[in-house]
Amino acid sequence: MPRTIDIEEYAKGVLDGKRAYIARAITLVESTRPDHHDLAQRLLVELLPHTGGARRIGISGVPGVGKSTFIDALGTMLTGVGHKVAVLAVDPSSTRTGGSILGDKTRMERLAVDPDAFVRPSPSAGTLGGVARATRESMVVMEAAGYDVVLVETVGVGQSETAVANMVDSFLLLSLARTGDQLQGIKKGVLELADVVTINKADGPHARDAKSAARELAGALRLLQPPDAPWNPPVLTCSAREYTGLDVVWERLEQHRRVLEATGALHAKRRDQQVDWTWSMVRDQLLARLHAHPEVRRLGPELEQRVREGTLTATLAADQLLEAFRAPADGG
Ligand SMILES: Nc1nc2c(ncn2[C@@H]2O[C@H](COP(=O)(O)OP(=O)(O)OP(=O)(O)O)[C@@H](O)[C@H]2O)c(=O)[nH]1
């Protein structure tokens, strides 16, 4: 990152679609440095009027389901018909390994060198809240830069799906054809987020299994839907490796978007997402300040110990920690 940052220059570079500026702008919004925070917000304010037109799609599935292969294939299909495709990722687990797993350029060989695509690995800093914030703000940068399809990838475990579902219009779940036990393999909560499901690897000897798995899953999904739901998530089959079924997956995602638009739900959903997002940032900030508060840090270990020993109730310990949080942080 250069030492001096000219926000107007950055904004112009992004709006002109210059890759170097896009990359720098994303690095700025991902930064956790306090002095970058205000600069990033100023940049986002400049860019926001130029956003809103993109299709925002979340893509999830367990490790090995073929997410990178699928995104590489779908993204290439889309750039082939004139779309500009951005790939972002939310993978808080990458903080543990110190490097990003998702969105790794080497995993999407064709998109990584496609001039109409931009692949950005998951930010590797901090909590799920921090990673989700950075990704959400990177979406603003990508949309302002003219990318009209934004794919946000996430792993099929933990809470990151919910975070991604809260920043996209449509959520696509990739699954595998494990007949019989497949429903156990997919968490119900994740299934409930899905607007479209596709069974990947429907090729070679697995093609037939995939079809029957799709039927079984479609039946189960119908049970999760209220009878008057405006949208029933379809269960499709595809092969990311052989490029089959991808056009149907895309068509159904487009159809989902059209249904949302026609009912006015798209605007409502995006507005609600912004409000939820505001409160989730407040919660994250409050929690971070609570944990960093000197009195809380001083009292914390002792109170934890007493709760463990059973000499203090959890309620009283919580009361004391919250009371400590009210003490001035500077000790004055
Ligand atoms: N037969 C078949 N294999 C596929 C298909 N898509 C992906 N694979 C293979 O499945 C394996 C996993 O694919 P990835 O794209 O790396 O899967 P992923 O979900 O991104 O995996 P993680 O990186 O672990 O999250 C690779 O060996 C792929 O070649 C497909 O449509 N058919």
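**Labels and their cut-offs**

Modeller: Val275, Trp279, Val282 and Leu286 make a nonpolar surface patch of about 380 Å². This is a predicted model, where local features need pLDDT of at least 70, side-chain atom pairs count only at pLDDT 80 or more, and totals for chains, interfaces and linings use all residues. Residues are numbered from 1 along each chain as its sequence is written, and side-chain values use heavy atoms, with hydrogens and water left out.

Biologist: What makes a patch?

Modeller: Its residues have over 30% relative accessible area and no salt bridge; nonpolar side chains (Val, Leu, Ile, Met, Phe, Trp, Tyr) are joined within 5 Å, and like charges within 9 Å. The areas come from the Shrake-Rupley method with a 1.4 Å probe, and for residues only the protein chains shown count as cover.

Biologist: Why does tryptophan 279 count as exposed?

Modeller: Exposed means over 50% relative accessible area, buried under 20%, and partly exposed in between (1.4 Å probe, protein chains only). Tryptophan 279 has 53%, so exposed is the word. Tryptophan 279 sits in helix H13, residues 265–292; helices (H or I, at least four residues) and strands (E, at least two) are DSSP runs, numbered from the N terminus.

Biologist: And lysine 201, buried or exposed or in between?

Modeller: Lysine 201 has 37%, so it's partly exposed. You'll find lysine 201 in the loop between strand S6 (196–199) and helix H11 (207–224).

Biologist: What makes glutamate 254 and arginine 55 a salt bridge?

Modeller: A salt bridge needs a side-chain nitrogen of Lys or Arg within 4 Å of a carboxyl oxygen of Asp or Glu. In this pair the closest N and O atoms are 2.6 Å apart, and glutamate 254 and arginine 55 do form a salt bridge. Glutamate 254 lies in helix H12 and arginine 55 in strand S1 (residues 55–61), so the bridge ties together parts 199 residues apart in sequence. With a relative accessible area of 15%, glutamate 254 is buried.

Biologist: Why is glutamate 261 called partly exposed, and why is arginine 257 called buried?

Modeller: Glutamate 261 has 42% relative accessibility, so it counts as partly exposed. Arginine 257 has 13%, so it counts as buried.
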